Amino acid sequence: MREEIITSGRMNPMIDPQLHIWHWHIPLYLFLGGLAAGILFFAALYTILGKEKENPTAVKIAPFITPILLVVGLFALFLDLNHQAYFWRLYTTIRLESPMSWGAWTLMVVTPISFIWCALNIKEIFPRWDWKFKFLYDLDAFFRKHLITMSWILLIFSLILGMYTGILFSAFNARPLWNTSILGPLFLTSGLSTGAAAIILMSKSHEERLRFARIDIMLIGIEMFLIVHMFMGFLASTQVHIEAAELFLGGPYTTPFWLFVFTLGLAVPAILEVLELRKFKVPFMIAPILVLMGGLLFRFIIAYAGQASRWLY
Amino acid sequence: MRYAMAVDTKKCVGCSDCVVACQTENNVPIGYCRDWIVEVTDGTYPQLEIEIRSERCNHCENAPCVRCCPTGASHYSDGGTVLVKKYHCIGCGACIASCPYDARFPHPEGYVDKCTFCLDNRVKKGMDPACVSVCPTKCLYFGDLDDPRSPVSQILKKRKYKTLIPEAGTKPHLYFLI
Amino acid sequence: MKTSRRQFIKTSSLYAGGLAMAGSGLKAASGLLKNLGGNVEGLSRTPTYCEICFWQCAGWVYKDDDGRIQKIIGNDDDPHCNGRLCPRGTGGVGMYHDEDRLKTPLIRRTVDGKQVFEEATWEEALDFIAEKMKSVAAEFGPECVVLFSHGSGGAHLGHMLKAFGSQSISAPSFAQCRGPREVAFLTTYGDIVYSPERTDIRDSRCLVFIGYHLGENMHNGQVQEMSDAIDKGATIITVDPRYSVAASKSKYWLPIKPATDLALLLSWIHVLIENGWYDKEYVEKYTFGFEQLREHVKQYTPEWAYGITTIDPNVIRRTAKEMYDASPAVIVHPGRHTTWYGDDTQRLRAVAILNAILGSWGRRGGFYFPERVQFPEYPTPAYPVPNRLPTEAYAGKYNLANEVVSNGICDATIPSVDSDCNFKVWLVNGTNLMLALPDQKKTLQAIQALELVVVIDTMPVEITGYADVVLPECTFLERYDMVRVSRHREPTLALRMPATEPKYHSKPGDWIARELGIRLGLAAYFPWKDMEEHLDWQLKQVGSSLEEMKRIGVKKFPRQYDDLYLHEGEDFFFNTNTGKIELYSTDMEEEGFPPLPVYTEHEQPPEGFYRLNYGRAPMHTFGRTANNPNLTDLMDENTLWVNPKVANLWGLENDQYIKLRNQDGIVSTFSIKVRITERIRWDSVYMVHGFGHDNKKLSRAHGRGINDTELITNVKIDPVMGGTGMRSNFVTFVFENDNAGEEVEA
Ligand SMILES: Nc1nc2c(c(=O)[nH]1)N[C@H]1C(S)=C(S)[C@@H](COP(=O)(O)OP(=O)(O)OC[C@H]3O[C@@H](n4cnc5c(=O)[nH]c(N)nc54)[C@H](O)[C@@H]3O)O[C@H]1N2
Ligand SMILES: Nc1nc2c(c(=O)[nH]1)N[C@H]1C(S)=C(S)[C@@H](COP(=O)(O)OP(=O)(O)OC[C@H]3O[C@@H](n4cnc5c(=O)[nH]c(N)nc54)[C@H](O)[C@@H]3O)O[C@H]1N2
Ligand code: SF4
Ligand code: SF4
Ligand code: SF4
Ligand code: SF4
Ligand code: SF4
Ligand SMILES: [Mo]
């Protein structure tokens, strides 16, 4: 029998008996960031494509929630910090090697744009509002003039943001479960999928709903492929990766992941959406709600399971 | 200058003196520690073997904790030691999650703490780190790898050694004599 | 046990008498700190020697800018520690900071039919004790007052008691600890092993440890020298049924069947003699009874020993050869806690004999001749001659015991028809008899029969719960004590001085002894103004001074004689009946014991039971550190080591809490966490001694783990010196009530 124990009673808080430095804040932050990124991506995309009319929810309505999502997400991140008084240090330096750093800066770009986007839309929805100050009108005119440029910026940064939510984890080679480059694309896809789901939920147009259902099915397909690919990668890798995968294959995370995330959060909504496209009568809310819940749970599970996975030595 | 430490697993008795000494020397609060003892037993009674290791931050040459720190609080200092600037650290925990050796922990005051190789309070004053100077079996060796006469260079020349999880690519500066 | 006349008071039910404590103390502890103020440089570090175990390493106490004790560092000049304390010494700061310490004197009172402790002033407490001691002395004689003491306070209280007219002074460090070894060596070499042990480990080429678990047993100097010996390539042979840390550092680990060591030792002697692998010249010149020994061990072949010990005969031969090859730089270590199976003196005699034929006594790398400074006592009147010596308590028994047998005193405290010597008062200083003495029932019987129990301690440990008066001593960091006069390769002195004022209302032992002495009308025995004057006078007699010692902490003196080892061909008179090393012991013969050790068989565990093995953890000293905040941080409970085979059989899992029941049906008060490990045999379980405290006032220690002592009810008394063999107890697992820290109330 091999026995490996710490005999000096080490019980450092949040490290022992296993890493639990990150609690609900980080997965929530990543979920909200991914969701906002998804919504803003579609908003920017259809603006660039000039298809605002066909996709009113995606371009105009859904983005209204993104500033809230981003601010709540950032607040969750803030709550998670142990040395909050020094929060501002995040913005006195840019460290490209640190996902945490460029993620924070990406949010610095995306969040203001999301506010501007909302402001522009408010103006359109309530055209009779008096904006009181002239410079507001000037600003409005300025952004409207550069709407396409801004959309491009938003498109790119929303992709970075979506990707970042995964790379934050995958940059940690100390946690074998996180240490896979698939996590970036996977979280991006998942973010886009939850974005699409949010749009479906909010949309009043049947057309738009069906369009996003189609998009969502595709995204879910990619996501499922990436997940399977990820586990195959783990199983073909070193012992620590195999053990990381085993957390999900017979280990403590098996049921939550395969039942709640994979089945209820991906497979079932995909099937429901297919049925909907085939004109079966299913309440349209169910699929997107499942996708959103699955997306949230997915981040929680990856955050927690990742902290449970470690190198052996 | 490259500071490093060697731990003689053949002499370490796992007494944890290095842990208490670090605690009292560096005011590590009770309930926290910068170093710790791992005991690995292999075999079946009575064919047995034990390896005892006094572990701490490896002051990695390629330190993931420095890489992932968003504020630059985690940085390389003299002799390649990896240190944390208390008032730059936001306590985000990224470095903690990035360390394959679980060498860091959140100090109750919020910033992240870990072994400093006693750089400022002892080594710069010409003393050995607290753990090294207290160890009853004298199984800890400290010094500059670039100085062939330093205790650590000397012992690494004489003995077989290993590092922990070299495959993590961190290039640790904590050597275990085997 | 009769219905408790003296109820156990968990100091938690303390009844605050609302005494105004301020101003109630006597005059401040004799100008204790007068030299500490002002001089900032002087404040930075003060000398001490450690009181956490009896190795007494000298060190420096450092304080931070706020004057708070921050760290203790070994004194480089001290041969006990060479500048490096052990974890317990380093963590000694926790003794001072522990907020559960005894804070004020307590007196047992009955309030509403319930016994409680009431806070008292020192005057009240000391007056109370003095009155009682006087009345007991008047009625039964002063010899009926006993002092049990372990540690530095014994010198002060012992002096007071001897002045009072009693020599009834005892410590558990004899009959529960070193006794068998000292008696065995005394009968063999006419000299004892001492503490610190006179083992020349650093220069040894072969170390043989028999159930001596250095590395877990942190007797500092020896651990350090073992490491030096490893560096120099010494061969280590460890005999232990458990895979100890020392075993893991050894070239040979002999996983012996418990309780059979004497068979192995005898067969080693057999092999050495058979093969001529012994120091012929040395044996010839210095020993007595070699021929008898040769005859005697003929029967003890390795094949015979194999059947008993399960150690392969070839390994026995090979290890014997290793010893011979290294001789005389070989140490067959006598161990320290040697009260195992009741024939311990005989086992240690075999160890002494083995060393003798290898010629290691008085040789480099073997056992050296230690020397100490002739350190004068402060002149006081002669002690009165007591009417009765404590040994009369067990008259006719244990004649070879060279110290007072604690359990003999304990037994004689219990009234019985055939004893006219009952002790009436126990002063208990620095020893937790409830953990130290096996067979707790007897200890309690004795306690119930007493007129007065006074406990002087720093912590609210179990024994305080049975006290009539509890006196809080300050920790070693807050007081002067006698100068440490150590016997070593070089004679050395070490000073302990207070680093800071005593916390709470605690007082130094010397002050307690003196104040009590004055109340007993013994002021003439305490002629010094204060400890500073006392120590200064003594130090000046040997050419030092208090001032110098405060500065250097440790002073080494040159040896008087060049006799660390025997010289080539030197004539040497051993202090035995024959003037020789007695392989054949005439003392033993006279007392009616076998003059050469004879193997006797010991009990093995019955079906379903496992031998209760116990030992030390490097970061704790018995129960004394179990509540120390720095050290509980490293280990806050003991675990039960169980072999995987046994775990499998019983369905035990790692970290599961279980209770134990012993052969006499005693169930442990608390539960213990299971540790499944290959390091223990399948016929034994193992735990670290000193846990399972049941005084709730010990906030970190209470209910953590099991106290092995409560399960040690089968005690094998060594007929030679009265030692309490404690390793013939067998336990089985109890699964109900397996909540950690939950106490079964009677
Ligand atoms: N079951 C079992 N019993 C054993 C042993 C065993 O291994 N198992 N070991 C045996 C051995 S080898 C020995 S030596 C004995 C030791 O037995 P003890 O001497 O009783 O052991 P300690 O636990 O050190 O007890 C010391 C007591 O002194 C107190 N103390 C600490 N510092 C001071 C101080 O400065 N002043 C005062 N006044 N008190 C202080 C502590 O709080 C504690 O209550 O036990 C023996 N009994
Ligand atoms: N850290 C620390 N160090 C200490 C102390 C402490 O409390 N803590 N106490 C000090 C004191 S006072 C003493 S007396 C010493 C005691 O130190 P030792 O004399 O080394 O202690 P023991 O308790 O006799 O030894 C325990 C060892 O004996 C083994 N053993 C048990 N049964 C048998 C047997 O039948 N045969 C053989 N060969 N081995 C057996 C056990 O497996 C265990 O490894 O330690 C001293 N050092
Ligand atoms: S102090 Fe030395 S012997 Fe003790 S555990 Fe630390 S490294 Fe090992
Ligand atoms: S051991 Fe961990 S904390 Fe230390 S330098 Fe390496 S990665 Fe950083
Ligand atoms: S916790 Fe502090 S040191 Fe660690 S990564 Fe965050 S800011 Fe840097
Ligand atoms: S080098 Fe200093 S900080 Fe690091 S473990 Fe040793 S004592 Fe602690
Ligand atoms: S061996 Fe450790 S506990 Fe004992 S006196 Fe020395 S430092 Fe103190
Ligand atoms: Mo002892």
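**Note on the domain 1–domain 2 interface of chain C**

1. In this predicted model, domain 1 of chain C and domain 2 of chain C bury about 2,000 Å² between them, with carbon and sulfur atoms giving 55% of that area (accessible area, 1.4 Å probe, that two parts lose on being put together, summed over both). On the domain 1 side, Arg242(C), His337(C) and Tyr341(C) lose the most area to domain 2 of chain C, together 26% of what that side buries.

2. Domain 1 spans 181–370 + 565–590 and domain 2 spans 610–745 of chain C, bounds that come from an automatic or database domain assignment. Their C-alpha centres lie 30 Å apart. Each domain of chain C brings 26 residues to the contact (heavy atoms within 4.5 Å).

3. The interface has 1 salt bridge (a side-chain nitrogen of Lys or Arg within 4 Å of a carboxyl oxygen of Asp or Glu). Arg679(C) also forms a salt bridge with Glu216(C), the closest N and O atoms being 3.7 Å apart.

4. Confidence should be read alongside these values. Chain C has a mean pLDDT of 92, and 93% of its residues reach 70 or more (pLDDT is the predictor's confidence in each residue, from 0 to 100). It stays under 50 over residues 15–43 of chain C and over residues 738–746 of chain C. For the complex, the predictor gives an ipTM of 0.93 and a pTM of 0.94.

5. Residues are numbered from 1 along each chain as its sequence is written, chains are lettered from A and ligands numbered from 1 in the order written, and side-chain values use heavy atoms, without hydrogens and water. Local features need pLDDT of at least 70 and side-chain atom pairs count only at pLDDT 80 or more, whereas totals for chains, interfaces and linings use all residues.
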